[in-house]
Amino acid sequence: MTPTNRSIFLRVLSVLLLPLFCFTACVEPNKPPSEPVLNEITSQPDSTASVTENGTSQTVEPKASEFRAVWVSYTEISDLFTADEVSFYNLLYQRFLSLHDWGFNTVIFHARAFGDAFYASEYFPWSSYLTGEQGISPGYDPLSTAIRAAHDAGLQLHAWINPYRVSYQTDIQSLYATNPARLMAENGQQMDLLQTESGIYYNPASLAAQQLILNGIREILERYDVDGIHIDDYFYPDDVGDSDAPSYMEYTKGGGTLSLNEWRTANVSALVSGIYSAVKAIDPQILFGISPSGMIDKNKTTYYADVATWGSVKGYCDYMLPQIYFGFAHEEYPFVELLDQWSDLCSLDSVKLYIGLALYKTGGTDVYAGGESAQNEWIDNTNLIARQVQALRQNKRCSGFALFSFGDLFSNDTHKQQEIQRLLQALDGEG
């Protein structure tokens, strides 16, 4: 076995052994743990490990400063959370160090998934995903700990927020007593909220809601050493219906002439440009990124997200990271076709284009992909993610990717392990 191949297999094996290290390590914060000793693997690489399609090599060298990120979602934070800060740091640090060793450079870490926070906030209550109950302090600041663990491991950290989503619960009384959404409702400010069958959201048309969201972002920027602010595809809810009818009626009575769809789109873009301005006013070096749905048509008609403007006009974002969670054979949204569409859409040189990849789908059936072959694509192949990385490297505009999500990289599932093995080879330029 060559040294390079041995290195690849050792790193892949650490996916299996890492949970053991995470739970047994006793490491002081800010001090790297001792290097784990892994059993040497003597078997030769799988002959199918190279990234190929129809027998043709797809190897493409990475572009300079390739963005290689992983989303760390609120449920994954909850799974790793411990009451003891040192233990939480060690768990994160060990896994972040593995990401760094595998060639990743960024974690996109949930700071606010709903109308609550994974950090000490003056505006939002503590997240229920820490203690099981909203508003209860965990005893330390998980976001601060995560930033320290990421930076100690050599990674950047982008604080990820869902700006409008408050709760999947529909009962406003289920929120913590000081939750700003509950206070709005109790103070007669119903038009600051959208209440639908899917849950509670801040109303994108509400200036009070926009100001609250901006204040929360400024709070993160002023108190935490983050490298970026990141929002994703929760703009208007899927089932907005006529929940914002009173707001739109007020707008038209005041002389507004935009159609309902135009008005909704303008509301979302106002917040996006506001976030960009807020970020740059505090520190021009901090990045602001947006991860919209990979389906360009859905962004326009369902979420009212004007991705075409955000990718072509200055003042909206530093990067776009569309979630192209589809295989090559998907009948309605084939991966390469969507990639090319996003490449054309992000025409402004100052807006970087990265692609969100669906590691979570590997090994499963995509029931919405079309015919049987398309539905089984994630089962029948163990190199889809690696091939997608190679495809985006061939694209003239794309310069990076993010995986959804963190937990899948440390899965014991055999299919996912094979996908990760081939991905690591692609990252090393050997796929």
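Q: What links Trp71, Trp160, Tyr325, Tyr360 and Phe404 into a cluster?
A: Ring pairs do that. Rings of Phe, Tyr and Trp (its six-membered ring) pair if their centres lie within 6.5 Å. By this rule, the count is 28 aromatic pairs.

A quick word on the model: it is predicted, so local features need pLDDT of at least 70 and side-chain atom pairs count only at pLDDT 80 or more, while totals for chains, interfaces and linings use all residues. Residues are numbered from 1 along each chain as its sequence is written, and side-chain values use heavy atoms, with hydrogens and water left out.

Q: Why is the pair of phenylalanine 67 and tyrosine 319 called tilted?
A: Their planes stand at 40 degrees, with centres 5.6 Å apart. Planes under 30 degrees apart count as stacked, over 60 as edge-to-face and the rest as tilted, so this pair is tilted.

Q: What makes the pair of tyrosine 119 and tyrosine 224 edge-to-face?
A: The angle between the planes is 75 degrees, and the distance is 5.8 Å centre to centre. Both tyrosine 119 and tyrosine 224 are buried.

Q: How do you know that the charged end of arginine 112 sits over the ring of phenylalanine 124?
A: The rule asks for NZ of Lys or CZ of Arg within 6 Å of the ring centre and within 35 degrees of the ring normal. Arginine 112 counts as sitting over that ring, 4.0 Å from its centre.

Key:
Buried < 20%, exposed > 50% of the residue type's maximum accessible area, 1.4 Å probe, protein only.
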